[in-house]
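Here are my notes on the model, point by point. Please read them with the structure open.

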Amino acid sequence: MDAILLEGGTIRTLDPAAPVVERLAIAGGRVVDEAPPHARRVDLEGRCALPGFNDAHVHFPTWSLGLRQVRLEGAASPAEAVGRVADALPASGWVRGLGWRDADWTEPPTRAALDAIAPDTPVMLTSKDYHSLWLNSAALARAGGDLEAPGGVVERDAAGEPTGIVRENAAWQFRDRYAMPSVEEMVAACREGLRVAASRGVTAIHDKDGWMGSFEVFQRLRAADELTLRVWQSIPAQRLPHLREIGLRSGFGDELLRAGYLKVFMDGTLGSATARLLDGSGVEITSSERLAEIVREAAAAGWPVGVHAIGDAANRAALDAFEATADAWRPLGLRQRIEHAQLLDAAELPRFAQLGVAASVQFSHAPSDRDLADRVWEGHQGAYAYRSLLEAGARLANGSDAPVEELDPLKGIVAAVLRTLDERPGWRPEQALTVAEALDATCVAPAFLAGDEHRRGRLVPGMAADVVVLDSDPLRCSPDRLPDLRVEATLLAGRITHVSHTPIPGIL
């Protein structure tokens, strides 16, 4: 690995003891006290270097595959979505698309609408929140009528026939049985995904696609020396008996790819109207009692747990389970987390810090969901309450939930600070964060959750030289300038994984 000396700009270490330094010396893939004599000097010319970005919640292979699929985000009606699909019909095979949200439509999506353009080709369109599928008759025929699943929803018409919409466990069951991409397809898609991620300053991810074999995908990329970010991999909690049988514990792997934590779902989502609320609405996928059993079993086997919880009832149930089992996991130092935490009752806010459970949130969800949240959760004040969580002492880790939102950490930081991603004023601006707080949630906190706080997340001697170079300093530019920030270079362990078209003297 090359020895490099970065100088001539602002270098923010995110280390409270020395937050800004004049030079950053890199050798052997790590930050060092002094650059060796042969180090290549890189003149930042006023740019800003920061620890590399860590996306704490991403479905990386799914997002990568989505780069090749029909995109339905922003479609104003089923007819517009169907039109986009019609323009992309292949000669054979499945048609896959993603990004539709029927909560924004006045007419419901139906299989008949898809049948009109694809009577014989199976079509599977995944919703924006990834918790619903829109299928045509050719796709439904693959299941032979076997659509129902516990914790799932199969929408039917007045005659009892499927409309083409399946949600939650019913959607995942269909996808897993009839429409899974091959490992080879995922590897090929991830090569492009890795290139895009590096161009956005990403040096680490917490991946959520363990259920579809992403660990094998990353292993193949690692073996070919093509893995250009660090992976903390989730595994479905249903596989815990197999993990215990072979004695596999959290942390197994190397500096780039490690088995991380178990994933559990408590409820559905806002967009699919399946989030579990204290008013009794929504879908319960896992009860608090069952989660407590899983957490105890996981602790005994050496695994932390990440719990998907959207609604206020689901979050309360998850926190209750972590509290009831604290005697099992806290002495082991397991770093538990709730994914999303989108709607919280005020009583739950201090419990995250009291229990030591992190809030793994997605800053970009707030401006993206603002209209839907105001309509569906009218009167609820605890939606996307990031400032309230932070002031209550919670540890916030930020991710994208790509492909639900785009894998773009800078966009997430903008969403946290401005609470808007369009021309409108910030939504619930009292919940905004500072740039420094957003950077901590994007660089430092995810490293902690992966047990890496002494290895990465800050740019201090001895730590990994995972670096992103921005064209300007985000802590010094005006808030209205934040959306214009650009990634100009990315380094993983001192290895250059991306350089923009703007030359940086000495970078190559």
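1. The second largest pocket holds about 560 Å³ of space. Of its 29 lining residues, G74, R101, D104, K128 and S368 are the closest to its centre. A pocket here is an open set of points on a 1 Å grid over the protein atoms alone, with protein on both sides within 12 Å along at least five of seven lines; lining residues have an atom within 4 Å of a point. Points are joined across faces, edges and corners, and the volume is the space filled by probe spheres set on the points.

2. Some ground rules. This is a predicted model: local features need pLDDT of at least 70, side-chain atom pairs count only at pLDDT 80 or more, and totals for chains, interfaces and linings use all residues. Residues are numbered from 1 along each chain as its sequence is written, and side-chain values use heavy atoms, with hydrogens and water left out.

3. The lining divides into 10 nonpolar, 5 polar and 14 charged residues. Ala, Val, Leu, Ile, Met, Phe, Trp, Tyr, Cys and Pro count as nonpolar, Asp, Glu, Lys and Arg as charged, and the others, Gly among them, as polar. Helices (H or I, at least four residues) and strands (E, at least two) are DSSP runs, numbered from the N terminus.

4. Helix 13 spans residues 365-376, and its buried residues are H365, A366, P367, D369, R370, L372 and A373. Buried means under 20% relative accessible area (1.4 Å probe, protein chains only). Their cover includes strand 17 (337-340), helix 14 (386-391) and helix 15 (409-418).

5. The largest pocket holds about 950 Å³. It has 44 lining residues, and N169, W172, Q238, K263 and F265 are the closest to its centre. Helix 5 gives the most to this lining, with 5 residues. Helix 13 also supplies at least two residues to the lining of the largest pocket.

6. An open sheet of 6 strands runs in the order 7-8-9-10-12-11, with mixed pairing. Strands pair if DSSP finds at least two bridges between them. The edges are strand 7 (70-71) and strand 11 (152-156). Helix 5 (residues 169-178) packs on this sheet, touching strand 9, strand 10, strand 11 and strand 12 (162-168). Contact means heavy atoms within 4.5 Å. Strand 9 (residues 123-127) and strand 10 (residues 132-135) pair antiparallel over 3 bridges. There, T126 has L133 as its bridge partner.

7. An open sheet of 8 strands has parallel pairing and the order 6-13-14-15-16-17-18-19. Strand 6 and strand 19 (396-398) are its edges. Strand 17 and strand 18 (residues 358-361) pair over 3 bridges. E339 stands opposite S360 in strand 18.

8. How many cavities of 30 Å³ or more does the structure hold? There are 6. A cavity is a set of points where a 1.4 Å probe fits but cannot get out. The largest cavity has about 80 Å³. Of its 13 lining residues, G52, T203, R456, G457 and D466 are the closest to its centre. Strand 6 (53-58) and strand 13 (202-207) each supply at least two lining residues.

Note on methods. Axes fitted to C-alpha atoms, helices over the stretch in contact; angles between N-to-C directions. Buried < 20%, exposed > 50% of the residue type's maximum accessible area, 1.4 Å probe, protein only.
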